[in-house]
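Open the model in your viewer and follow this tour stop by stop.

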Amino acid sequence: MRVAIAADHGGYRLKEEIKKLLESMHIEHEDFGCTCEDSVDYPDYALPVAEKVANGEFDRGILVCGTGIGMSIAANKVPGVRCALVHDTFSAKATREHNDSNILAMGERVIGPGLALDIVKIWLETEFLGGRHERRVEKVKAIEAKHLGVR
């Protein structure tokens, strides 16, 4: 599995902790910034991760900002992205099993690092269930195709 990861200034510290977890899990990853806690604009960091996941260069992506909201909104503008904003372990598992989410967004100012790392681990280890959920994901893709001209 290859994971693209990025954060803005509000998520920088948590991103660094997540990178350590990915290393301990022997998961290949690439950091798309930012590199410090100086103020930056979250869309500049959400976009490269979203594009890399959508075009298949990376299997999954992780985005962190202060709340996770801005990152998830920006990432979900890219066709093919199903970015889930998650702050609990139940949702982390459900969004993989039911929604086949390919990007995880979290907020450093919302949850602590311990919970965040648990969420990441569960999200990475959970597989999509398919079945009836596949039909629903296909309907989401159809909405995307209708409004964005994606096939």
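Which side chain makes a polar contact with the side chain of Lys 15 at 2.7 Å? Select Lys 15 and look: the partner is the side chain of Asp 31. Keep in mind that this is a predicted model.

**Stop 1: Lys 15**

Lys 15 sits in helix α1, which covers residues 12-24. Now show the side chain of Glu 16. The Lys 15 side chain makes a polar contact with that side chain too, at 3.1 Å. Is Lys 15 buried or exposed? Lys 15 has a relative accessible area of 0%, so it is buried. Next, display what Lys 15 touches beyond four places in sequence: Ile 5, Ala 6, Ala 7, Asp 31, Gly 33 and Cys 34.

**Stop 2: Helix α4**

Select residues 89-99 to get helix α4. Start at the N-terminal end, which Asp 88 caps. A side-chain oxygen of Asp 88 lies 3.2 Å from the backbone nitrogen of Phe 90. Then go past the helix to Asp 100, which follows α4 and has a positive phi, near 50°.

Which residues of α4 are buried? Colour Ala 92, Ala 94, Thr 95, Arg 96 and Glu 97. Their cover includes β3 (60-65), β4 (83-85), α5 and α6 (132-148).

**Stop 3: Where α4 meets α5**

Angles under 35 degrees count as roughly parallel, so α4 is roughly parallel to α5. The crossing is right-handed.

Show the side chains in this contact. From α4, pick Thr 89, Ala 92, Lys 93, Thr 95 and Arg 96. From α5, pick Leu 115, Asp 118, Ile 119, Ile 122 and Trp 123. Sorted by type, the residues of this contact are five nonpolar, two polar and three charged.

**Stop 4: Ile 103**

Finish at Ile 103, in strand β5 (residues 103-107). Why does Ile 103 count as buried? Its relative accessibility is 0%, and buried means under 20%.

Now show its contacts, leaving out neighbours within four places in sequence. Among them are Val 49, Ala 50 and Val 53. Gly 61, Ile 62 and Leu 63 are also in contact with Ile 103, and so is Trp 123.

Methods:
Residues numbered from 1 in each chain as written. Predicted model: local features only at pLDDT ≥ 70, side-chain atom pairs only at ≥ 80, totals over all residues. Heavy atoms only, no water. Helix = DSSP H or I, 4+ residues; strand = E, 2+ residues; numbered from the N terminus. Buried < 20%, exposed > 50% of the residue type's maximum accessible area, 1.4 Å probe, protein only. Contact = heavy atoms within 4.5 Å. Axes fitted to C-alpha atoms, helices over the stretch in contact; angles between N-to-C directions. Parallel < 35°, antiparallel > 145°, perpendicular 65-115°, else oblique. Left-handed = near helix turned anticlockwise from the far one by under 90°. Nonpolar A, V, L, I, M, F, W, Y, C, P; charged D, E, K, R; others polar. Polar contact = N/O pair within 3.5 Å; in protein donor to acceptor, adjacent residues only side chain to side chain.
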